[in-house]
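Hi,

Here is the structure I promised to pass on. Have a look at it first, and then read my notes below.

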Amino acid sequence: MTLPSASRPVPKHLRYAAAGNRMQYGDFNASSGSADFELMTALPVVRNKIRALARNSGTMKRYLSLLKSNVVGENGFNLQVRVRKQDGTPDKRVEAAWREFCMMPTVDGEMDIIEFEKQMVTSWARDGEYIIELVNDPDAVDGFLLNPIEGDLLDETLNNTHPSTGNQIKLGVEISRRGRPVAYH
C-alpha cells in the first residue's frame with residue numbers, strides 16, 4: 001500500500017534549506033513584501049554596502065575587472081554594417097562615422113567609447129542599473145552625446161503619481177501606463 005501524495009514525507013534533500021528553522025537561519029529575515037517595497041526601504045543601505053565591497057573587497061574588485069575584460073574587452077563593442085552602395089561595393093561610411101563618434105562620445109569629453117562601456121558594465125554589475133542620458137548637441141559629431149548618470153542621483157523616495165500625466169512614479173522613475181520608463185526624477 002502506498003501513501004497518498006499529500007501525506008508522503010518529503011525527502012530531506014528536496015527541502016529548501018532557508019525554509020528550515022535551524023539556528024543557522026535565525027538571522028534570515030524573510031519578507032512577504034513586494035520587490036518595490038523592499039527597495040523603498042533598503043535601497044540606500046544595500047547600494048552603500050555593495051559600493052563599499054567594490055572599493056574594499058579584492059573578490060569584488062576582481063569580479064568587476066573580469067566583467068570589464070570579458071564583456072567589453074580591450075576593443076569594446078564593434079559595429080559591423082553590411083550596407084552596400086548601388087554598385088555593390090561595401091559602404092564603409094557608417095562604420096567610419098561610428099569610429100569617429102566613439103573617440104569622444106560623452107558630454108564631458110573625458111572618455112572614449114571603451115571606457116564608457118566599461119563604466120556602464122561596472123555600474124550595471126555593482127548597482128543593478130545604469131542610466132544614460134542622450135544629450136542633443138549640435139556641435140557634436142552626430143548631433144548628440146552620452147551622459148552617464150549614477151543611479152543614486154534618482155530620488156528613490158519619490159513614489160507617487162505624476163499630477164499632469166497620471167503616470168506612476170516608483171523610486172524616482174516615472175512609468176507609463178504600459179510599463180515603460182518615460183522620465184527620471
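Let's start with a term: a salt bridge is a side-chain nitrogen of Lys or Arg within 4 Å of a carboxyl oxygen of Asp or Glu. Before we use it, note that this is a predicted model, where local features need pLDDT of at least 70, side-chain atom pairs count only at pLDDT 80 or more, and totals for chains, interfaces and linings use all residues. Residues are numbered from 1 along each chain as its sequence is written, and side-chain values use heavy atoms, with hydrogens and water left out.

**Salt bridges**

Searching the whole structure turns up nine salt bridges. In one of them, the side chains of Asp-152 and Arg-51 meet at 2.7 Å, N to O. Asp-152 sits in the loop between β2 (144-149) and β3, while Arg-51 is in helix α1, so this pair ties together parts that are 101 residues apart in sequence. (Helices, H or I with at least four residues, and strands, E with at least two, are DSSP runs numbered from the N terminus.) Arg-51 is buried at 14% relative accessibility, whereas Asp-152 is partly exposed at 34%. Here buried means under 20% relative accessible area, exposed over 50%, and partly exposed in between (1.4 Å probe, protein chains only). Both residues also belong to a salt-bridge network with Arg-126, Asp-127 and Glu-150.

Next, Arg-47 and Glu-129 form a salt bridge at 3.1 Å, N to O. Arg-47 is in helix α1 (residues 35-56) and Glu-129 is in the loop between α4 and β1 (131-136), so parts 82 residues apart in sequence are tied together. Arg-47 is buried at 6%, and Glu-129 is partly exposed at 27%.

**The core**

Which residues make up the largest nonpolar core? There are seven: Phe-101, Cys-102, Met-111, Ile-113, Phe-116, Met-120 and Leu-146. A nonpolar core is a set of buried Ala, Val, Leu, Ile, Met, Phe, Trp, Tyr and Cys residues joined through side-chain atoms within 4.5 Å. Helices α3 (93-103) and α4 (113-127) each supply at least two of the core residues, and α4 gives the largest share, three residues. As background, nonpolar side chains tend to be buried together in soluble globular proteins.

**The sheet**

Finally, there is an open sheet of four strands in the order β3-β4-β5-β6, with antiparallel pairing. Its edge strands, β3 (160-161) and β6 (181-184), each pair on one side only. Two strands pair if DSSP finds at least two bridges between them. Thr-161 stands opposite Gln-168 in β4.

Cheers
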